[in-house]
Amino acid sequence: MASVQLRQVQKSYDGKNKVIHGIDLDIRHGEFVVFVGPSGCGKSTLLRMIAGLETITEGDVLIDGKRVNDEPPRNRDIAMVFQDYALYPHKSLYDNMAFGLRLRKTPEEEIKTRVMDAARLLRIDHMLDRKPAALSGGQRQRVAIGRAIVRQPKVFLFDEPLSNLDAQLRNEMRSEIKKLHQRLGATIIYVTHDQVEAMTLADRIAVLSAGHKMQYASPDEIYNRPAAQFVAGFTGSPPMNLVACHIDALGADLGLGARIALPAELLARAGSSAGHVFGIRPENLALAPRHVPGEVAVPAKVVISEPLGAETLVTFQVGQVELVARCAASFKSPSGTAQTLYLDPSAMHLFCQASGQAI
């Protein structure tokens with residue numbers, strides 16, 4: 001296990017246009033940290049800078065307190081698992097997992113012990129004589145992870161390891177990776193564009209956008225206390241309702257006479273002006289009172305219903321905006337039906353429209 005620190009890390013390829021903008025991160029011993037964000041946000045570039053596969057334009061990367069900017073990848077004591085498995089097709093699974101140890105002149109008896117221990121952990125010990133072509137995608141990814149485990153590195157780096165798998169297999173492997181972290185207690189840095197993966201796997205999440213760190217916090221804080229509009233809109237499925245509004249002394253004006261009364265503290269922070277975005281998650285809208293303190297009721301009309309089996313997502317017209325709510329699977333109201341929505345004030349958010357930052 002090891003700690004990893006990023007100190008004002010920057011990256012540019014032409015000396016002018018930065019793709020990573022001064023990122024600071026502290027990753028603790030044994031922590032599972034996920035870099036998440038849309039394609040092109042810089043998460044894989046940041047991971048490759050930690051690995052030593054990309055040069056660092058400015059700033060420092062430290063592993064266990066040691067600056068490693070100028071160290072080649074082989075000297076950083078890290079192991080990386082790639083999206084495309086990167087297995088040798090002509091070698092058996094055993095030889096694929098043993099290859100790195102043989103390069104390091106590890107005694108053959110120790111290699112056998114390490115490979116068998118990792119194979120049993122990943123439940124592939126019965127197929128070590130097979131070639132990669134005879135395996136499913138999930139089995140190949142287990143081999144790639146096993147090859148990293150036998151190295152016994154200080155830090156594991158995962159670069160979108162599940163993106164080539166189908167949905168069911170991705171769910172299974174996600175669970176296996178979480179169990180693996182619990183057993184090994186290893187420091188893991190994991191890159192994904194899938195916010196569900198990030199929320200379910202991470203101890204802490206770094207949300208990235210266009211090379212900037214938008215928030216670095218626990219999954220609970222990322223979901224319930226987003227520091228920026230981007231974070232609120234990126235996390236959750238469906239994501240948070242985010243609608244432009246005008247703030248006055250009575251609350252958030254959504255147009256056509258619809259107004260949401262805001263908690264006094266939130267209203268005081270916002271002031272009275274235009275240029276705000278109101279946010280609330282779909283599960284914090286209800287069709288019946290939940291009798292929470294300060295609960296707010298607003299008139300609404302059904303726009304469209306989307307049955308999902310266990311629940312129904314319903315889009316409502318409220319003033320000039322639309323809000324999505326999670327409703328019971330039994331919800332059956334045609335478009336245009338008048339309803340009353342009940343909002344939990346403790347789950348309301350406001351963001352500055354100009355900066356995108358939470359108020």
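Reader: How many aromatic pairs does the count come to?

Author: The model is a predicted one. Rings of Phe, Tyr and Trp pair if their centres lie within 6.5 Å. By this rule the count is 5 aromatic pairs.

Reader: Are the rings of Y88 and F99 stacked, edge-to-face or tilted?

Author: Y88 sits in the loop between β6 (78–81) and α2, and F99 is in helix α2, 11 residues apart, so the pair links distant parts of the chain. The ring centres of Y88 and F99 are 4.8 Å apart. Planes under 30 degrees apart count as stacked and those over 60 as edge-to-face. The planes of Y88 and F99 stand at 55°, so the pair is tilted.

Reader: How many charged residues are in the contact of α2 with α3?

Author: The crossing of α2 past α3 is right-handed. On the α2 side the contact is made by Y94, M97, A98, L101 and R102, and on the α3 side by E108, I111, K112, R114, V115, A118 and A119. By class, 8 of the contact residues are nonpolar, none is polar, and the number of charged ones is 4.

Reader: Which residues of α4 make the contact with α3?

Author: Helix α4 spans residues 137–150, and its axis comes within 9 Å of that of α3, with a crossing at roughly 135°. The two helices are therefore oblique, and their crossing is right-handed. From α3 the contact takes R114, V115, A118 and L121; from α4 it takes G146, I149 and V150.

Reader: How many polar residues does the contact of α3 with α4 have?

Author: Gly counts as polar under the classes used, and G146 of α4 is one of the contact residues. The contact of α3 with α4 also has 5 nonpolar residues and 1 charged residue, while the polar count is 1.

Reader: Which residue of β20 is the bridge partner of F278?

Author: Strand β14 covers residues 276–280 and pairs with β20 in the antiparallel sense over 4 bridges. Within β20, the bridge partner of F278 is L350.

Reader: Which residue in the turn between β9 and β10 has a positive phi?

Author: Strands β9 (residues 204–209) and β10 (residues 212–217) are paired in the antiparallel sense over 5 bridges. S209 stands opposite H212 of β10. The two strands form a hairpin with 2 residues between them, and the turn residue with a positive phi, about 50°, is A210.

Technical notes. Residues are numbered from 1 along each chain as its sequence is written. This is a predicted model: local features need pLDDT of at least 70, side-chain atom pairs count only at pLDDT 80 or more; totals for chains, interfaces and linings use all residues. Side-chain values use heavy atoms; hydrogens and water are left out. Two strands pair if DSSP finds at least two bridges between them. A crossing is left-handed if the near helix is turned anticlockwise from the far one by less than a right angle, and right-handed if clockwise. Contact means heavy atoms within 4.5 Å. Rings of Phe, Tyr and Trp (its six-membered ring) pair if their centres lie within 6.5 Å; planes under 30 degrees apart count as stacked, over 60 as edge-to-face and the rest as tilted. Axes are lines fitted to C-alpha atoms, for helices over the stretch in contact, and angles run from 0 to 180 degrees between N-to-C directions. Angles under 35 degrees count as roughly parallel, over 145 as roughly antiparallel, 65 to 115 as roughly perpendicular and the rest as oblique.
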